[in-house]
Amino acid sequence: METKTPSESRTVITDLVLPSETNAIGNMFGGELLARMDRAASIAAGRHSRSIVMTVAVNHVAFNKMIPLGSVVTVEAQVSRAFNSSMEVFMDVWIEDRESGMRSKSNEGIYTFVAFDKIGQLVSVPQLLPETKLEKERFEAALRRKQLSLVLAKKMSPKDATELKALFTEE
Ligand SMILES: CC(C)(COP(=O)(O)OP(=O)(O)OC[C@H]1O[C@@H](n2cnc3c(N)ncnc32)[C@H](O)[C@@H]1OP(=O)(O)O)[C@@H](O)C(=O)NCCC(=O)NCCS
């Protein structure tokens with residue numbers, strides 16, 4: 001079975017926030033950030049699987065900081081776990097201060113992609129071998145997130161979500 005590391009899928013997209021991408025009070029429109037995250041995540045999932053990929057779920061996004069017009073926004077995406085045909089992609093979003101060049105984290109996001117061949121059949125993807133402490137933590141938690149996403153989508157019965165249930169049961 002082929003394996004890949006998270007760094008092999010690492011994708012970084014940096015771009016400005018333009019006036020047409022802001023809301024009524026001059027901050028970045030949430031949907032614009034979601035689209036940038038989807039593009040970065042899609043490239044990361046494609047690099048991992050070397051297949052055609054599609055977003056199947058947006059598992060989590062929180063907008064923790066306002067991002068003003070003119071900001072330099074960087075989305076960093078990498079595969080955090082691979083299952084059979086699906087892959088979880090974790091994203092970190094950074095804003096760069098134009099004067100100091102200092103970067104601060106604005107938010108994180110987690111999307112799930114599936115891999116297809118040219119005739120639209122789901123295909124297996126390489127397994128992921130996490131290396132760093134953070135990669136290992138994200139890898140470990142990904143199965144719980146997959147189960148939660150499947151339960152919410154009514155594609156899994158809560159009784160079968162064993163990893164997820166373990167979070168709520170005392171040792
Ligand atoms: C992706 C799609 C084929 C999945 O259909 P499905 O009937 O759920 O197929 P399966 O049950 O075989 O699931 C395929 C994989 O996706 C995973 N998956 C499906 N729905 C999921 C969800 N809501 N959250 C997380 N993973 C999900 C399954 O667990 C499975 O993963 P695995 O092979 O690694 O175990 C179907 O939902 C689809 O075509 N969606 C449209 C995608 C799209 O157009 N995206 C662009 C956005 S506009």
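Two strands are said to pair if DSSP finds at least two bridges between them, and the strands themselves are DSSP runs (E, at least two residues), just as helices are DSSP runs (H or I, at least four residues), with both numbered from the N terminus. The structure shown here is a predicted model, in which local features need pLDDT of at least 70 and side-chain atom pairs count only at pLDDT 80 or more, while totals for chains, interfaces and linings use all residues. Residues are numbered from 1 along each chain as its sequence is written.

The C-alpha atoms fill a box of roughly 50 × 40 × 30 Å along the principal axes. The radius of gyration (taken over C-alpha atoms) can be set against a globule rule of 2.2 Å times the number of residues to the power 0.38; for 171 residues a compact globule would have a value near 16 Å, and the chain, with 17 Å, agrees with this.

Five of the strands form an open sheet in the order β2-β4-β5-β6-β3, with antiparallel pairing. Because β2 (11-16) and β3 (52-61) stand at the edges and each has a single partner strand, one side of each is left without a neighbour in the sheet. Neighbouring strands are turned by 25° against each other on average, direction ignored, where axes are lines fitted to C-alpha atoms (for helices over the stretch in contact) and angles run from 0 to 180 degrees between N-to-C directions. In general, strands of a sheet pair through backbone hydrogen bonds, either parallel or antiparallel.

The pairings can be followed across the sheet. Strand β4 (residues 72-82) is joined by 10 bridges to the antiparallel strand β5 (residues 86-96), and in this pair E76 stands opposite D92 of β5. Helix α2 (residues 133-152) packs on the sheet, touching β3, β4, β5 and β6 (103-116), and its direction makes about 85° with that of β4; contact here requires that the C-beta atoms of two residues, placed from the backbone, lie within 7 Å. Strand β5 also pairs with β6 in the antiparallel sense, over 11 bridges, and T112 in β6 is the bridge partner of E88. The hairpin of β5 and β6 has 6 residues between the strands, and in this hairpin G101 takes a positive phi near 80°. Finally, 8 bridges join β6 to the antiparallel strand β3, with A115 in β6 as the bridge partner of V53.

Which residues come nearest to the ligand? Of the 16 residues around the ligand, these are A57, F83, N84, S86 and S149, a residue being near a molecule if its C-beta atom, placed from the backbone, lies within 6 Å of it. The elements that give two or more residues to this shell are β3, β6 and α2, and the largest share, 4 residues, comes from β3.

Burial gives another view of the chain, since a residue is buried if 20 or more other C-beta atoms lie within 10 Å of its own, exposed if 12 or fewer, and partly exposed in between, with C-beta atoms placed from the backbone. By this count, 29% of the 171 residues are buried. A35, found in helix α1 (residues 30-49), counts as exposed because it has 12 C-beta neighbours inside 10 Å.
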